[in-house]
Amino acid sequence: MRTPLDTITVVPYREEFRAAFEQLNREWIEQYFELEEADRELFSDPEGTILTRGGQIFFVLAGSDVVGTCAVLRHGADVCEIAKMAVAPQARRRGLGDLLMEVAVQYGRESGARRLIIVSNTVLEPAIRLYRKHGFIPVPLSADDRYQRANIRLERELRPTEPGGRPGADE
């Protein structure tokens with residue numbers, strides 16, 4: 001049964017949703033790849049590895065059910081990484097990936113990031129299309145060896161939010 005879109009909300013991290021963050025991400029990782037040490041680190045301590053370092057984890061709720069999630073990791077004062085994005089199979093093709101991208105980009109901008117990065121794998125074709133749709137462009141893969149499965153890096157430059165909360169002229 002599909003939940004009407006008017007019951008969809010996005011909320012920041014809550015401890016009660018911690019298991020859903022891991023479960024939704026494990027599903028796609030284990031379908032296409034193998035769980036890596038970097039995955040285990042994030043799942044075992046999302047507060048310490050993401051939140052206390054200036055990042056955030058967002059959850060898409062359909063009513064009270066978690067149907068999507070996405071993390072924004074802080075990599076210094078002006079760079080954030082969008083990572084661990086997942087939408088439950090029964091909730092796909094409803095624009096929830098777009099919603100998560102919009103929330104993640106806005107969080108990056110509001111937190112002062114000038115650049116957002118995504119490290120992924122080209123086998124995840126729908127995800128790569130989503131990233132490109134939201135203005136991310138492929139750049140050379142860096143020496144980031146956190147994930148052996150990574151074979152593509154995408155980036156998007158941001159302009160800071162103008163006074164009054166409006167995005168800069170590039171949006």
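User: At 6% relative accessibility, does Lys84 count as buried or exposed?

Analyst: The relative accessibility of Lys84 is 6%. Buried means under 20% relative accessible area, exposed means over 50%, and partly exposed lies in between (1.4 Å probe, protein chains only). Lys84 therefore counts as buried.

User: What kind of model is this?

Analyst: Residues are numbered from 1 along each chain as its sequence is written, and side-chain values use heavy atoms, with hydrogens and water left out. Local features need pLDDT of at least 70, side-chain atom pairs count only at pLDDT 80 or more, and totals for chains, interfaces and linings use all residues; the model is predicted.

User: Which strand holds Lys84?

Analyst: Helices (H or I, at least four residues) and strands (E, at least two) are DSSP runs, numbered from the N terminus. Lys84 has a positive phi, near 50 degrees, although it is not glycine. Most residues other than glycine have a negative phi. The run that contains Lys84 is strand 4.

User: Is Arg93 buried or exposed?

Analyst: Arg93 also has a positive phi, near 65 degrees, in a residue other than glycine. Its place is the loop between strand 4 and helix 4. Because its relative accessibility is 84%, Arg93 counts as exposed.

User: How many residues of strand 3 (residues 65-74) are buried?

Analyst: Strand 3 has ten residues and is mostly covered. The number of buried residues is nine.

User: Which residue in strand 3 is the bridge partner of Phe58?

Analyst: Strand 2 (residues 56-62) and strand 3 run antiparallel, joined by seven bridges. They form a hairpin with two residues between them, and Gly63 in the turn has a positive phi of about 70 degrees. The partner of Phe58 is Cys70.

User: Which residue in strand 4 is the bridge partner of Leu73?

Analyst: Six bridges pair strand 3 with strand 4 (residues 79-87) in the antiparallel sense. Four residues separate them in a hairpin, where Gly76 in the turn has a positive phi of about 100 degrees. The partner of Leu73 is Glu81.

User: Which residue in strand 5 stands opposite Val79?

Analyst: Strand 4 and strand 5 (residues 115-120) run parallel, with three bridges joining them. Opposite Val79 stands Arg115.

User: Are helix 4 and helix 5 parallel, perpendicular or oblique to each other?

Analyst: The axes of helix 4 (residues 96-110) and helix 5 (residues 125-133) come within 10 Å and cross at roughly 45 degrees. Axes are lines fitted to C-alpha atoms, for helices over the stretch in contact, and angles run from 0 to 180 degrees between N-to-C directions. Angles under 35 degrees count as roughly parallel, over 145 as roughly antiparallel, 65 to 115 as roughly perpendicular and the rest as oblique. The two helices are therefore oblique.

User: Which residues in helix 5 do Gly97, Asp98 and Met101 in helix 4 meet?

Analyst: Contact means heavy atoms within 4.5 Å. Gly97, Asp98 and Met101 meet three residues of helix 5, namely Leu130, Tyr131 and Lys133.

Conventions: Two strands pair if DSSP finds at least two bridges between them.
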